[in-house]
Amino acid sequence: MATEVDLLPADAIIVSSKPEAENLVDEPGSSEVQIHILAETSTHSTAQTLRQYFMDGFGDRTCYLELGLCVCSQVTSSFGKHPTGAEVGLPLVHLRARRAPSVYEAINKVQDRNRDPTQHPFQLEREYKRALNATKLERVYAKPFLAGLDGHSDGVHVLCKHPTSLSLLLSGAEDGEMICWNLAKRAVVKKVLAHDGAVNGLCIHRTGKHLYSCGFDQTIKKWDISPEGIISDMPATTLLGKCVYQSIDHHWFDDTFVTSGQTVDVWVDQKTEPHRSFAWGVESVHHVKFNPIETYLLGAAAHDRTIILYDMRGSAPLRKVLLKMRTNTLSWNPMEPMTFTAANEDYNLYTFDMRKLSMPLNIHMDHVSAVMDVDYAPSGREFVSAGYDKCLRIFQVDKSRSKEIYHTKRMQRVTCVRWSLDNRYIVSGSDEMNIRLWKAKASEKLGILKPREKAAMNYAEALKTQFAHLPQIRRISRHRHVPKMVYNASHQMREMKDKEKRKEARRKAHSKPGKEPEKKLVAGERE
């Protein structure tokens, strides 16, 4: 039974005994203030008494709305204006109110912060403390290692990213075995014995339907691969060459691939002979890579310590630069077509501009052994390197020192590394037959983030950037635990470098003026 009584023009009291009234929620409603009262009986006089009760207790509607009504068992327990509910002649059970939209918006309106600096004298101190805490928490949660993939029976020699699937990865081992992995499930999809001897190179067609491999058995094989990563048991095409092919890479858009060996050969699909061959000198080329933007440009590393640039549209190589030691691999910057980084045997990485090869743009130092592989992030701002010192290092393009080092107790010499196409993960292969999956950002929280979490993380990153130059925050953010072998080797290299500087300074100090000319640096030489 429900009875509605008109009280004031903008107010109403509804006396109701319906049990479904309990499901009402506190939300914006009409311009009327509706008070739902659950009762056993209700009359007109009772409603009038209730009206007088509320108006006497709270004075006016505005005050009543600001206080609000929540679920309560007795009027007296909620407001305390009258001793019992019996005074109104009605056993009250619950009360619930619904605010008018104008009042609801006024109560929940977000007030603008007063930005007057005089009203916030300790703002800088508070933000510095927050930045310090955020930097400490970043180091606490820096756990980059995610998983280890065990399936090879020999050392992992080469890795290849799938161009259309983020969860698929291909790897080749020293025993000629080729495996397709599902990174999401961390399981082997297909395992194939591809070559007699080591698998030297892997690449995938831009559509992801064909896979090319080369090995020490002087063959190039083309395999069919399904969208789920299932490789055909037998190769679709087998090409027998005249030399050992040490590297292979596919064109980004055309049905063309390139191999390196005694010469750099350009192949067209469905052809059994090279479409074009390049040679410069007598030494063999052990690595070749297509430029991802200027797709007709090739970069190659040769055994005679040179880096050679080729243009497929020309008849001869373009340019060559000679370093002090051999370059193992190189990687093009995906956002700057003229820039590439070379991984060298002298423990360093060199970033070159192909328009001026006489001097590197930057020399990246921190490895204590030969650098075996390098790969750029899709953003082009960072790259990861794999070292013979059993470590991975992440560098910023414009910095000479690494920002991150990844290592484990069981990981041995790292031979290959790849940065995932979604810019979130790093995959590495090493001599002890394992493939490891890492986070690109060591302290990143995986999974779906709520908007408040994203806002808090962005705020913390902004604070860390603002106060990054301060000594305490800089010291905490740069601190890394490294293996004992790496620590001792880096300390020894630092002493040797300081000794060379002291010797050179003494030689200049005890020489006649003009006898000791200034030493000019050449490409590949550290200062």
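**Strand pairing and burial in a predicted model**

In strand 8, Glu177, Ile179 and Trp181 point one way, while Met178, Cys180 and Asn182 point the other way. All of these residues are buried. Strand 8 spans residues 177-182. Because six of its six residues are buried, strand 8 is largely enclosed by the rest of the structure. The model is predicted.

Strand 8 has a partner in strand 7, residues 168-173. The two run antiparallel and are joined by five bridges. Leucine 168 stands opposite asparagine 182 of strand 8. Strand 7 and strand 8 form a hairpin with three residues between the strands. Glycine 176 in this hairpin adopts a positive phi near 85°.

Strand 8 also pairs with strand 9, residues 187-193. The sense is again antiparallel, with six bridges. Here isoleucine 179 faces lysine 191 of strand 9. Four residues separate strand 8 from strand 9 in their hairpin. In the turn, arginine 186 has a positive phi of about 55°.

Strand 10 covers residues 199-204. Six of its six residues are buried, so strand 10 too is largely enclosed by the rest of the structure. Strand 10 pairs with strand 11, residues 210-215, in the antiparallel sense. Five bridges make up this pairing. Isoleucine 204 has leucine 211 of strand 11 as its bridge partner. The hairpin of strand 10 and strand 11 has five residues between the strands. Glycine 208 in that hairpin takes a positive phi near 80°.

In the model, residues 192-226 are 57% strand and 0% helix. The C-alpha atoms at the ends of this segment lie 14 Å apart.

Serine 402 belongs to strand 29, residues 402-406. Its relative accessibility is 18%, so serine 402 counts as buried; the cut-off for buried is under 20%. Two side-chain polar contacts involve serine 402. One, at 2.8 Å, is with the side chain of aspartate 366. The other, at 3.0 Å, is with the side chain of arginine 393. Beyond its neighbours within four places in sequence, serine 402 is in contact with Met365, Asp366, Arg393, Ile394 and Phe395.

Tryptophan 252 occupies the loop between strand 14 (247-250) and strand 15 (256-260). Tryptophan 252 counts as partly exposed because its relative accessibility is 45%. Setting aside neighbours within four places in sequence, its contacts are Arg206, Phe290, Asn291, Pro292 and Thr295. Tyrosine 296 is 44 residues away from tryptophan 252 along the chain. The C-alpha atoms of tryptophan 252 and tyrosine 296 are separated by 9.4 Å.

The structure contains zero disulfides. For cysteine 160, the nearest cysteine sulfur belongs to cysteine 203, at 6.6 Å. Cysteine 160 is in no disulfide. Cysteine 160 counts as buried, given a relative accessibility of 8%. Cysteine 416 is also buried, with a relative accessible area of 1%.

Across the protein chain, the secondary structure comes to eight helices and 32 strands. The chain has 527 residues, of which 44% are buried. Among contacts between residues at least 6 apart in sequence, 50% join residues at least 24 apart.

The protein chain has an average pLDDT of 81. A score of at least 70 is reached by 77% of the residues. Residues 1-47 stay under 50 in pLDDT. For this stretch the model has 104 contacts beyond four places in sequence. Residues 53-97 also have pLDDT below 50. Beyond near neighbours in sequence, residues 53-97 have 87 contacts in the model.

Definitions and conventions
Residues numbered from 1 in each chain as written. Heavy atoms only, no water. pLDDT = per-residue confidence, 0-100. Contact = heavy atoms within 4.5 Å. Buried < 20%, exposed > 50% of the residue type's maximum accessible area, 1.4 Å probe, protein only. Pairing = 2+ DSSP bridges. Polar contact = N/O pair within 3.5 Å; in protein donor to acceptor, adjacent residues only side chain to side chain. Disulfide = S-S within 2.5 Å.
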